[in-house]
Amino acid sequence: MSSGPDASREAAVVDGVPKQLYIGGTWRDAGGGGTLDVDDPSTGDVLCAVADGTVADGDAALAAAHAAFPDWRDTAPRERGEVLRRAFELMTERTDDLALLMTLEMGKPLEESRGEIAYAAAFLRWYAEEAVRIDGRFTTSENGKGRILTMRRPVGPCVFITPWNFPMAMGTRKVGPAIAAGCTMVVKPAQQTPLSMLALAAILEEAGLPGGVCNVVTTHSTAEVMAPLIADPRARKLSFTGSTPIGKKLIEQSAEQVLRVSMELGGNAPFLVFEDADLDAAIEGALMAKMRNIGEACTSANRFLVHEAVADDFARRLAHELGSMKVGRGTEEGVRVGPLIDEAAVDKVTELVGDAVDRGAQVLTGGERVGDRGHFYAPTVLAGVDPDARVNHEEIFGPVAPITTFSSDDEAIERANDTEYGLVAYAYTRDLARAFKVMEGLDTGMIGLNQGLVSNAGAPFGGVKQSGFGREGGPEGLGEYLETRYVAMNVP
Ligand code: NAP
């Protein structure tokens, strides 16, 4: 923790969060009393310890979700919505503390943490409103005799696994619609950032969510605790946000009981700048798409594909912007770039930049780690990057912008699609026909057209190809927690 004048506030915010497991409406220690440390990535110091849940704790959490399901399913939709609305209000009132907590455990600058709290809370509000609009349909069958009735029923107890990069929003994106739909759940946050999820559980409890509806298990024995839950017939749905390799393992595990699955996986977003683009807007969008969350976002612009006529200008301006960003602890005034999550992340970024440089890339700014304490890497722009360089094919998850050039629309689209990922793409053009060609030609679940940010609680977030399946946000996000039941009615 810092030693500045704010140190006592930081300690108070960390102290204010429960550190135990939340199971069946009760906060309790892990079986065996084990704990796991949570570190501050800007210093490497231990912030606190939380319960280290065991296999038996995971089982108890699923048992609680299973037991709570019938009552929650039958709770009036308005009541479910009102719990979410109260949780939205509590989260919004406590934005400053929750943002500080997130910055301490994850590293992003405070301003960005505030942004994430607003984004996370928006899912609670959106689904509070949606809880009372779950409908079905009624129609006369073709022969005019029978009737067709469809109703939408909650899927049942769910298992949620979330990553460290958006510790609050990746939780509410699942928890919000599940609560609205009448589902119950076991949530396992990433071991590096469990505090935001524990704070969310405390807010939901205060908002009046009955015990057992949302259970939280923190653990260091992730695979051992989660595999039995995925294989357990009491669970009816798995929703996972994280890396593609782990997602693939979980899809395999889910096959055992044909579990309904949503997968929000990795990305390799192309950022296309055509020769007719508004370059001011493209630079502004690039800063958002690349530097949000220190580049540690699945939606992060991973590859900049810029038309050769504007590439030099774009690269020079982007390097100027990134080169002037202040790097430091996220709690410090004016810091725009916090630490990466851990040393392995710094090593990976160093390796990818080294590979690009070995293949002839030019470093316009950055290109090295910063300081010897914490996990900082300088905002970096690489020009003249070989299309085959690893940065163009692997998720960078850091503040590095590799630029390659193209000379035709077809080449741009073909190169943009040359990846196994398909989460999001960004495109800057003022030409309507070109915009449609791009929107229709890109193999991604989302496109930011003249916009560097796509996240929105009312919109369906998700990918195609190895970026996963299923959508979070909007009515589609609620649909992930509902089954359609069809009743064939004989009307004599
Ligand atoms: P990760 O290593 O896949 O971990 C994600 C979560 O899975 C963590 O809670 C982790 O637990 C858990 N996990 C790891 N191994 C597991 C196993 N064998 N069984 C069950 N759970 C397991 O990913 P990450 O590094 O935290 O997050 C970054 C990745 O998430 C990137 O690839 C990013 O693109 C992706 N992401 C995607 C989206 C999207 O919406 N598409 C959003 C955000 C992030 P531990 O904490 O115990 O390791």
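Biologist: Where is Asn293 found?
Modeller: Asn293 sits in the loop between H10 and strand S13 (301-307); helices (H or I, at least four residues) and strands (E, at least two) are DSSP runs, numbered from the N terminus. Before we go on, this is a predicted model, in which local features need pLDDT of at least 70, side-chain atom pairs count only at pLDDT 80 or more, and totals for chains, interfaces and linings use all residues. Residues are numbered from 1 along each chain as its sequence is written, and side-chain values use heavy atoms, with hydrogens and water left out.

Biologist: Okay, and is Asn293 buried or exposed?
Modeller: Asn293 is buried, because its relative accessible area is 0%. Here buried means under 20% relative accessible area, exposed over 50%, and partly exposed in between (1.4 Å probe, protein chains only).

Biologist: What about phi of Asn293?
Modeller: Phi is near 60 degrees for Asn293, a positive value in a residue other than glycine. Asn450 also has a positive phi, near 55 degrees. Asn450 is in the loop between strand S21 (446-449) and strand S22 (464-465), and is partly exposed at a relative accessible area of 38%.

Biologist: Back to Asn293, which pocket has that residue in its lining?
Modeller: The second largest pocket, where Asn293 is among the residues nearest the centre, along with Glu111, Glu112, Met288 and Arg292. A pocket is an open set of points on a 1 Å grid over the protein atoms alone, where a 1.4 Å probe fits and there is protein on both sides within 12 Å along at least five of seven lines; lining residues have an atom within 4 Å of a point.

Biologist: Which helices give two or more residues to the lining of that second largest pocket?
Modeller: Helix H5 (110-130) and helix H10 (279-291), with H5 giving the largest share, 5 residues. Domain 1 (7-265 + 468-486) and domain 2 (269-456) each supply at least three residues of this lining; the bounds come from an automatic or database domain assignment.

Biologist: How much space lies in the largest pocket?
Modeller: About 980 Å³, while the second largest pocket has about 480 Å³. The volume is the space filled by probe spheres set on the grid points, which are joined across faces, edges and corners.

Biologist: And where does the largest pocket lie?
Modeller: Between domain 1 and domain 2, because both give residues to its lining. There are 39 lining residues, and Pro163, Trp164, Gly242, Ser243 and Ile246 lie nearest the centre. H9 contributes the largest share, 6 residues.

Biologist: New topic: which residue does UniProt list for "active site"?
Modeller: The unreviewed UniProt entry lists Glu264; such positions are given in the numbering used here, feature names are shortened, and annotations may be inferred rather than shown by experiment. Glu264 is in strand S11 (residues 260-264), and counts as buried because its relative accessibility is 2%.

Biologist: Last one, which strands are joined to S17 by bridges?
Modeller: Strand S14 (residues 362-365) runs antiparallel to S17, with 3 bridges, and strand S18 (residues 400-406) runs parallel to S17, also with 3 bridges. Two strands pair if DSSP finds at least two bridges between them. Val381 of S17 is the bridge partner of Thr365, and Ala401 in S18 is the bridge partner of Val381.
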